[in-house]
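Hello,

Here is the structure I promised to pass on. Please open it first, then read my notes below.

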Amino acid sequence: MVLDTQQNVVALAGGVGGAKLVYGLSQVVPPERFTVIGNVADDFDLYGLHISPDLDTVMYTLAGVANPATGWGVADDTWNMLDMLDRYGEDVWFRLGDRDVATHVLRTMWLNEGHTLTEITARLLERLGVRCQLLPVTDDPVHTLIDTLEHGTLGFQDYFVRHRWQPTVRRVWYRYAEQACMTDAVAGALSDADVIIFCPSNPVLSIDPLLVVPGVREAITARQGVCVAVSPFIGGKAVKGPAAKLMGELGLDISPCGLCQYYAGLLDGLVIDTSDQDQPPAEGIPRLVTQTLMQSSEDKIRLAGDVIDWVGRLVA
Ligand code: GDP
Ligand code: CA
């Protein structure tokens, strides 16, 4: 099913949670009308390779090659390179599959040749046969840093992968964000967007590092169109990962009202799960109550269709 829509849809997405809705949207919005803006604040270098975990998760999902069991990495991947690194006595704390490494090798080679992350991402998508756009929010480095009670300040992957997001978080910030430039492609996509959808990604670790890049918030609020968020919380809990734990530790409220406060001044609507329908509404923000748990492809396409239908009615 592809909706007969003339509207330009832009999705803001992080990794695994965001990619689920991105997949659904890619099945209901024509590719030339659909753009994803992706997070680069989880990017890091390992073994001399530049890794962009969130861009890759979205790209593999759009290309239909994502590992269905994990939501990240490539389907049917093998671990020979990691086994050999282990044999050399390296601490192989970050899982890098053999097929996945091909992406990082090409990305790093092209970066070293002077291409931008935007150009490289477009090239990788094209070669994988993906027709919609995936735009890194910036070509400049931005790094999520996490101050923890137990280990002091940790880089994102140290917190998330090495320590399995167990440390108690005291503060999150995005190093170099103030100096980062929103790309022209992102500025163009946002200004042309009729509909902007914040995917059910981690608000602090995935969506905020997009919003803190100078110009992004302004570009969202400057338009006529609508901007809605799909809640990553179901029954007051994160479906997966640290979102609820971390937001609680930061003193943030994970209710629908709390989410509207977190995205204050940006939202024209909020999509919440049926299990949260008794939560008090946020004043002045329309909401769609529907099933937001996405397990199968059908769930993802159905939720994307519901959101697009509802947004169409919000605009009318
Ligand atoms: P990451 O970058 O890989 O950590 O992924 P994201 O930030 O994009 O997504 C993480 C968020 O996705 C978590 O807060 C989860 O609660 C949320 N999430 C995962 N699966 C689902 C789902 O099926 N439905 C909803 N509503 N949220 C989900
Ligand atoms: Ca991420």
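Helices and strands here are DSSP runs, numbered from the N terminus; a helix has at least four residues and a strand at least two. Keep in mind that this is a predicted model.

Start with Ser-201. It sits in the loop between strand S9 (195-198) and helix H8 (203-211). Ser-201 is buried, with a relative accessible area of 2%. Its side chain reaches the backbone nitrogen of Gly-14 at 2.9 Å.

Next, the metal. The calcium ion (ligand 2) is coordinated by Asp-42 (OD) and, through two entries, Asp-54 (OD), at 2.1 to 2.6 Å. Asp-42 lies in the loop between strand S2 (34-38) and strand S3 (44-46), and Asp-54 lies in helix H2 (residues 53-63), so the pair ties together parts twelve residues apart in sequence. Both Asp-42 and Asp-54 are buried.

Which angle does Tyr-47 show, although it is not a glycine? Its phi is positive, about 50°. Tyr-47 lies in the loop between S3 and strand S4 (49-51). Tyr-47 is partly exposed, at 33% relative accessible area.

Trp-165 is not a glycine either, and has a positive phi of about 45°. Trp-165 is in the loop between helix H6 (156-162) and strand S8 (169-175). Its relative accessibility is 25%, which counts as partly exposed.

Best wishes

Note on methods: Residues numbered from 1 in each chain as written. Chains lettered and ligands numbered in written order. Predicted model: local features only at pLDDT ≥ 70, side-chain atom pairs only at ≥ 80, totals over all residues. Heavy atoms only, no water. Donors = N, O, S within 2.8 Å, 3.2 Å for Na, K, Ca; no water. Buried < 20%, exposed > 50% of the residue type's maximum accessible area, 1.4 Å probe, protein only. Polar contact = N/O pair within 3.5 Å; in protein donor to acceptor, adjacent residues only side chain to side chain.
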